[in-house]
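Visitor: Could you take me through the salt bridges here? I'd like a close look at how they work as links.

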Amino acid sequence: MPLKNQNPTKTKAWEKLQESYQELKNIDMKTLFLNDVHRKEKYTLTFNDFNLNFSKNRINDAVLQQLLELANEVDLKDGIKKMFSGDIINATENRAVLHTALRNKSGNAVLVNGKNIMPEVEASLKKMNSFSGSVISGKLKGYSGKAFTDVVNVGIGGSDLGPRMVVDALQYYKNHLKTHFISNIDGDHISETLKELNPETTLFVIVSKTFTTQETLTNAETIKKWFLSRGLGSKETDIKHNFVAVSTNLEKVADFGIAQENIFTMWDWVGGRYSLWSAVGLSISLALGFDNFNKLLTGAYEMDEHFKTAPFQKNMPVILALISIWYNNFFNTESEVVIPFSQYLTQLVPFLQQLSMESNGKSVDRNGNTIDYQTGNIIWGNTGTNVQHAFMQLVHQGTKLIPVDFIGFSNSLYGNKEHHEKLMANFYAQAEALYLGKTKEEVHLELKVANNQDKIEQLLPFKVFQGNKPSNTLVIDKLSPKNLGSLIAIYEHKTFVQGYIWNIFSFDQFGVELGKELAKTHLQ
Ligand code: F6P
C-alpha cells in the first residue's frame, strides 16, 4: 500500500500549532525553565548510551502535545509500519524502501512483492565478510601475487559519502589497509590519489548502484588505463584481481571488465543515500573488518527497533523531526546547523546534507500538487571547537534563528582527559551561551567592573547577546561502531518522519537529473 496522502497544514494540530506559535514565538526559554523545575528531565530522552536533551527549545508541554497530535493525525505509525514492511512507499520509482532490512537482526522475514529478501541480504553479508577477511589477512592478492595495502573506493553521492564518513569516523578501529576515496570528476584529484599508489597492491572498489553515473564511470576508466599503463606487467585479464564492483547493473559492470565473482550486488529497494549498510559499505568492512561493520549494523538495528516501538513522546528520531518541523514551518528558520564535537565526525555533515536535502528537497506533494508550505531544511555545520572560530558569530549574534544539534561524547577514545574536558566544556558552553545570551544589564555591569566606564555607551549594544536560541544536545558515551550505527539511523528516521509529515516523496531524487542532462549537452 502507498503512503497516506494528506496536507499537514489542513490538520487540526497544524491550526493549533499556528496559534501556539503566536503565543510562543517570543517566549523566553529562561521563563520556561523557571516555571518548571523538572523541564530538563522532562525534555530528556535516553536510549542505550545516548542522552538527548531537547529542553533548550522554544516549546512547552502544549506545543509538544500538538506536535505529537500532528504526527498522530497524519498517521505516522502507519507510515513507519509501511516502510518497515516493504510497502511500495517510493511510489514515483515504484519501489519499496528497505535499508532497514540490511541491518535486520530479528531473524524475521521481510517481504518484497511476497518474497522474503533476508536470505539474499544474508548471502551478501556473508560474501562481504569472506572477501574482506581474505583481503585483510593477505590471503587474497593482487595480480602480481602481492597482498593488498590500499583500497580505493570509487563512487559518488550515496556510493561515497556514507562509506567515507564511517571509515573516517571509525579510524580508531581501522586495520593496516589504507583507504582512499575518489568521487569528484576532477582529474587533478585522481592524479593526486594515484600518484601515491602501487597498482600491484591496490584494490579498486567501484561503487555505483546504477553503473551509469558519469563521474564514477569516467573515474573508473581513467583508473583502469592507469592500472594497465604503469609498466608493471598488468594486463586486461588482471583487472579481475584488482577491481571489484558494487552495483545493481550486472551487465554494465561486466562490460567494464569486472569478473562476475567480483560483483557485489545491491537492490533497487535501497536508496543510494541509505545504502552504506549494503555492499556499498564494502570499503567499511575492508577498513575496519567485518565484525566492526556488523556492529555498525547492530547499532542501526537497535535504533530501528526504538523508532518502531517507542511511543512518539519518547522516540528520539520522532522528537527531533517534530522539533525541526516546529522551527522550519512555524518560525520559518530555513536552516539547521549540526555540530559534532569530535574531529572523527568531520564527514558527518556532508553525509547528512545528502541524506536530508536529497530526500526532502521537494516542492510537490504526494498528490502531485505544488506545495505552499516549507519542506527540506538546509543542513550545514562543522566540528567543534573549530566552528567557534568561524561561523558561530552568526549563530550567536546574527539576525537569523538557526536551531543547532550539538553532538558530543562523554569519553574520548585515547583517554586524554585534559583535552576532552576542555572540548566538552566548550560543547556545553555553546549550548548555554545560545540559550542564556547576555543582557544589557549584564554587559553594563561587566564593562563597569572592567573599568571601562567611558566606553559603556559606545560598546554596550555590540556586546549584548539576545540568547533564547534553540539547540538539542546529544551526548553519547564513547564513539564506537555500534553507536555510530545508531546515530546514523536516528538521522535517517528523522528525515523519514519529516518527509512523511510534509507529504512528500523522500526516496526519489529527480531534482539531480537536469544538471546531469545539461552537462552532457555542454560536452557535445
Ligand atoms: O546524486 C544523484 C545520485 O543518484 C544519488 O542519489 C546517488 O547516491 C548518486 O547519484 C550515485 O549514484 P550511483 O550509485 O548510481 O552511481
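Guide: **Salt bridges up close**

Aspartate 75 and lysine 4 join their side chains in a salt bridge, with N to O at 2.4 Å. That term means a side-chain nitrogen of Lys or Arg within 4 Å of a carboxyl oxygen of Asp or Glu. Aspartate 75 sits in the loop between α4 (61–73) and α5 (76–84), and lysine 4 in the segment before α1 (12–24), so the pair ties together parts 71 residues apart in sequence. The helices named here are DSSP runs (H or I, at least four residues), numbered from the N terminus. Aspartate 75 is partly exposed at 24% relative accessibility, and lysine 4 is partly exposed at 34%; buried would be under 20% relative accessible area and exposed over 50%, with partly exposed in between (1.4 Å probe, protein chains only).

Keep in mind that this is a predicted model, where local features need pLDDT of at least 70, side-chain atom pairs count only at pLDDT 80 or more, and totals for chains, interfaces and linings use all residues. Residues are numbered from 1 along each chain as its sequence is written, and side-chain values use heavy atoms, leaving out hydrogens and water.

Next up, lysine 42 pairs with aspartate 61, their closest N and O atoms being 2.9 Å apart. Lysine 42 lies in helix α3 (residues 39–42) and aspartate 61 in helix α4, so this link ties together parts 19 residues apart in sequence. Both belong to a network of salt bridges linking Asp36, Lys42 and Asp61.

By the salt-bridge rule, the count comes to 23.

Technical notes
Helices (H or I, at least four residues) and strands (E, at least two) are DSSP runs, numbered from the N terminus.
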